[in-house]
Amino acid sequence: MSGLRYVYAVCRPFEAPLQAELTGVAGNPPKLLRHGDLVAVVSAVPEGDFAEEPLRRHLEDLDWLSDTARAHEKVIAALTTVTSPLPLRLATVFRDDSGVRTMMEDEGERLHTALERIAGRVEWGVKVYVDPEKSAPQSPAAEPKAKPATGRDYLRRKRAEHERQETTWERAENFARRLHEHLSRHAQATRLHPPQNPVLSRAPGRNVLNAAYLVDRSHSEEFVELVDRTKDEEPGLRVELTGPWAAYSFSSLDDYGQRAAEGEYDQGARGAYEGEDRR
């Protein structure tokens, strides 16, 4: 296999075959690279796109980045159907197989710890959104508001609107807190991510909960039912469930990314273990 090595994930050895027609980044099929009792899922990628300088330029190209991310995610999704992969960040690249093996050897203890944490588990994402307009009670016979007659009327109306919005946010945040506490009791671990930027996510409404839950595969159906029962609990609040995903939010390995960036791995590693909100 010629070219640089793009690494998607590290896993424990597994028996089930990957999809026969599965392709990854740069259109190349993923392969399993074994080192001891660890397996890295890799594919060859061209130096013209993934060597340090061209990769830096590509990461500023949103179309290229989007295509690469989709290919990366496709491989991770396929792995998730047959094992519990430890996903690596987009564009984690080594010079050759030897570089990948050296990483697995040097990081073996932390890789095993992380794999033990996610074994037999998947990640579910839960988001809560609030739309102030929809959450306000509306009368079917409500007439359009008359124009304020005086400055005092205008200020009174603005104050009432502000108080209504404050009540809406408080109700939404209380609901989100209760929901998170309830779901956390049915998960092995949780992560609270920052609320999504509506400009970037393009999701309507204000995001008041953006959480990830690490759940045993065997309990996933029960977890989904718990979330579904909350979806109509509060008018004007929207609960969204995504997954099952590979355990991206629970795969952080402390300072590996910083060590790679500082050149500790002279095989040319770039990238880091994923630990971000990706959805």
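A: In this predicted model, Ala 189 stands opposite Leu 214 in E8. Local features are given at pLDDT of at least 70 and side-chain atom pairs at pLDDT 80 or more, whereas totals for chains, interfaces and linings use all residues. Residues are numbered from 1 along each chain as its sequence is written, and side-chain values use heavy atoms, with hydrogens and water left out.

Q: What makes E7 and E8 a strand pair?
A: Two strands pair if DSSP finds at least two bridges between them. Strand E7 (residues 189–192) and E8 have four bridges, in the antiparallel sense, so the pair meets the definition. Strands here are DSSP runs of E with at least two residues, and helices are runs of H or I with at least four, both numbered from the N terminus.

Q: How do you know that E6 pairs with E8?
A: Strand E6 (residues 121–130) and E8 are joined by 10 bridges, again antiparallel.

Q: Why is E8 described as mostly covered?
A: In strand E8 (residues 206–216), 10 of the 11 residues are buried. Buried means under 20% relative accessible area, exposed over 50%, and partly exposed in between, with a 1.4 Å probe and protein chains only. For the protein as a whole, 41% of the 279 residues count as buried.

Q: Why is Asn 210 called buried?
A: The relative accessible area of Asn 210 is 3%, and the cut-off is under 20%, so Asn 210 is buried. This residue is found in strand E8.

Q: What makes a set of residues a nonpolar core, and which members of the largest one touch the most others?
A: The set must consist of buried Ala, Val, Leu, Ile, Met, Phe, Trp, Tyr and Cys residues joined through side-chain atoms within 4.5 Å. The largest has 22 residues, and Val 126, Leu 179, Leu 183, Leu 209, Tyr 213 and Phe 223 touch the most other members. E6, helix H7 (151–184), E8, helix H9 (220–228) and strand E9 (237–245) each supply at least two residues. H7 gives the most, with six.

Q: Why is the pair of Phe 50 and Trp 64 called tilted?
A: Rings of Phe, Tyr and Trp (its six-membered ring) pair if their centres lie within 6.5 Å; planes under 30 degrees apart count as stacked, over 60 as edge-to-face and the rest as tilted. The Phe 50 and Trp 64 centres are 5.4 Å apart and the planes are at 50°, so the pair is tilted. Phe 50 lies in helix H1 (residues 47–50) and Trp 64 in helix H3 (residues 62–80), so the pair ties together parts 14 residues apart in sequence.

Q: How do you know that Tyr 213 and Phe 223 form a tilted pair?
A: Their rings are 5.5 Å centre to centre, with 50° between the planes. Tyr 213 lies in strand E8 and Phe 223 in helix H9, so the pair ties together parts 10 residues apart in sequence. Tyr 213 counts as buried at 0% relative accessibility, and Phe 223 is buried at 1%.
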